[in-house]
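Welcome! Below is a short tour for someone meeting this structure for the very first time.

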Amino acid sequence: MRRLVLISVPYLWLLALFLIPFLIVLKISLSDTALAIPPYLPTLDLSEGWVGIKAFFAELDFENFRFLTEDDLYWKAYLSSLQIAAISTLLTLLVGYPIAYGMAMAPDQWRPTLMMLVILPFWTSFLIRVYSWMGILSSEGVLNQFLSWIGLIDQPLTILNTNTAVYIGIVYTYLPFMILPIYATLEKLDGSLLEAAEDLGCSRLSAFWLVTIPLSKQGIIAGCFLVFIPVIGEFVIPSLLGGSGTLMIGKVLWEEFFNNRDWPVASAVAVLLLLILIIPIILFQRNEQKQREREG
Amino acid sequence: MTNGRKHMMKRLTTMTAACALLAGAAAAEEVRVYNWSDYIDEELLEKFEQETGIDLIYDVFDSNEVLETKMLAGGSGYDVVVPTGTFLQRQIVAGAFQKLDPSKLPNLENMWDVVSQRTEQYDPDNAYSINYMWGTTGLGVNVGKVQEVLGEDAPIDSWDLVFKPENMEKLAACGVHFLDAPAEMIPAALKFIGEDPNSHDDDVIAKIEPVYAAVRPYIQKFHSSEYINALANGDICVAVGWSGDILQARDRADEAENGVEIVYNAPKEGAQMWFDQMAIPVDAPNPDGAHKFLNFIMDAQNMAAASNYVYYANGNKASQEYLIEDVIGDPAIYPSEEALNNLFTTTPYDARTQRTVTRLWTKIKSGI
């Protein structure tokens, strides 16, 4: 009995915070827009009993999903989000791995401080940190003024409101999510393995490539998923730092909802986004499970 | 941003004050106002709290579409909101607002018939709303930079500046922002090609697509509030924006003494005139307090203080004697009789046309 109660807790959590909201969104995605409160039809009228429920279901249809396939905006936005997420995950890995490696190689007494420094930015609001990037990257901003002061440029670079700014913002924001899992695996790495490799005639570089990288694979995979999955749906960074050329599904979703005020289409976009995201999430789960089995 | 920050500070002080009072008084009365960003003199908010003893919670937005989403979702929790005329009309139809009670609004007599007559086309008999501010949609120009790029005779008072690709191609280097507001940017483009800006005909509206396709590569961003700071700092050189916002940018640049000179022009081909109306949502938690706030705003001196601060014209006749010369004497804010005739108003689209328009706008913005 106790066991049953314990198991039911996560399932109730899933039901209340995922399944029910998802069903509500799914229902709206099958409705039609209307100039009313709420701005879609039909709404469920329980006072009419069974007839009302039947009439309600009769009016739902897949019209909005058909609409998404007709307009190439949505596919382009999905693809562009995947591309931006993939590139920024790679960039985050390239920046994050050396940092994690440096932290793991640092003397023991330094590590808590270094760890603290990685987490420190979270003490300030994410929004404020993204806004400060606007101040740094704008054409009269700190970066351009510095570059022209040292004489590297004579015309300000346009970085803000371009995809470059979006990449900078994403790499900056998601860096800790890449560093921490990689650091966790590197920290556990058995140093004697590297010594053994060197004894057997491996150069330091090839030992790093043949021993360290494969042994930190789990951390790299975990870090990449932790960055890739949320970046696909990212909305704040592209809307603040991106320009008219930045196309991301999170932004399109927001525009459907707030600018076009078309809740049914917005919901349909959200349902599809979720279906697309489920694939990497399942892959991530598999990876975690494999790791646990290996350790267990 | 400035408003948002100040507002947070204000909330903190109100909270501390509320805590201090908690021992003595019962829960203090609250009025929640949702207004446009950079759109009021903050001192007025404190004055209202002092005069009435009501706690004022003041939040801001920068797009009619966002406001409408909240109104149509219902249960926004706001007592006073400020949609623009065309949006107000749609939301009245949707049943989002309650009728005003004139007996609680003695200051209604201060209102200006020139404006009230025009707002009646959105809100018959002005039964649901009062005018807060009105203005035009036009061009904010960093004169120095634009003349540097386009020469002395740059068409800074014409839609040619932003809709002719040859001009935009050169301006792209110094930065151009457009409003993210289809209900104003589509009529502007229609005016540029000589069509009726208030056209509801799909075929006519479709004609603006090539106009935007030609200039879109040179538009840095579609956004409805960032341009104030961007113009003032010299980050961009042209913005299609709202009159008072651009005049605020001008003043911020003056104060900063950064050498940036901003000018606002309502394009000579014709510019859109709009009216921001204060209304009370149908589910407002405190409609009584909302009426008190509306009456407070309609006070001649209060309304004048608001206009003197934000550089927008208001619909309050009695306030005019308190307006500073910079406001009442500036034809960019209070246009002459002749210039008024050159301004146009629009009416809301029906549901089907609305969808065509929003799709068209999404397409234009995303460049597909």
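## Chain B at a glance

Why does the radius of gyration of chain B agree with that of a compact globule? For 368 residues, a compact globule would have a radius of gyration near 21 Å, and chain B has 21 Å. This radius is taken over C-alpha atoms, and the globule rule is 2.2 Å times the number of residues to the power 0.38. This is a predicted model, where local features need pLDDT of at least 70, side-chain atom pairs count only at pLDDT 80 or more, and totals for chains, interfaces and linings use all residues. Residues are numbered from 1 along each chain as its sequence is written, chains are lettered from A and ligands numbered from 1 in the order in which they are written, and side-chain values use heavy atoms, leaving out hydrogens and water.

Chain B holds 18 helices and 11 strands; helices (H or I, at least four residues) and strands (E, at least two) are DSSP runs, numbered from the N terminus. Along the principal axes, the C-alpha atoms of chain B fill a box of roughly 70 × 50 × 40 Å. Of the 368 residues in chain B, 58% are buried, where buried means under 20% relative accessible area, exposed over 50%, and partly exposed in between (1.4 Å probe, protein chains only).

## Charges on chain B

Chain B carries 28 positive and 56 negative side chains, and the centres of the two sets lie 6 Å apart. Here Lys and Arg count as positive and Asp and Glu as negative, while His and the chain ends are not counted. Each charge is placed at NZ of Lys, CZ of Arg, CG of Asp or CD of Glu.

## The disulfide

How many disulfides does a search of the whole structure find? It finds one over all chains, taking a disulfide as a pair of cysteine sulfur atoms within 2.5 Å. The partners are B:Cys174 and B:Cys237, with sulfur atoms 2.0 Å apart. The pair links distant parts of the chain, 63 residues apart: B:Cys174 is in the loop between α8 (165-171) and β5 (176-178) of chain B, and B:Cys237 is in the loop between α12 (226-233) and β7 (238-242) of chain B.

The link of B:Cys174 and B:Cys237 is right-handed, with 60° about the S-S bond. Both B:Cys174 and B:Cys237 are buried.

## Chain A at a glance

Chain A has 14 helices and two strands. Its radius of gyration is 24 Å, well over the 19 Å that the globule rule gives for 296 residues, so chain A is more spread out than a compact globule. The C-alpha atoms of chain A fill a box of roughly 80 × 70 × 35 Å along the principal axes, and 42% of the 296 residues count as buried.

## Backbone details

Most residues other than glycine have a negative phi, and most peptide bonds are trans. In chain A, a cis peptide bond joins A:Ile37 and A:Pro38, with omega about -10°. A:Pro38 is in the loop between β1 (32-33) and β2 (40-41) of chain A. Another cis peptide bond joins A:Leu41 and A:Pro42, with omega about -5°, and A:Pro42 is in the loop between β2 and α2 (49-58) of chain A.

Positive phi values turn up too. A:Arg261 has a phi near 50° and lies in the loop between α13 (249-259) and α14 (263-295) of chain A. Is A:Arg261 buried or exposed? A:Arg261 is buried, with a relative accessible area of 8%. B:Asp125 has a positive phi of about 65°, and B:Asp125 counts as exposed at 67% relative accessibility.
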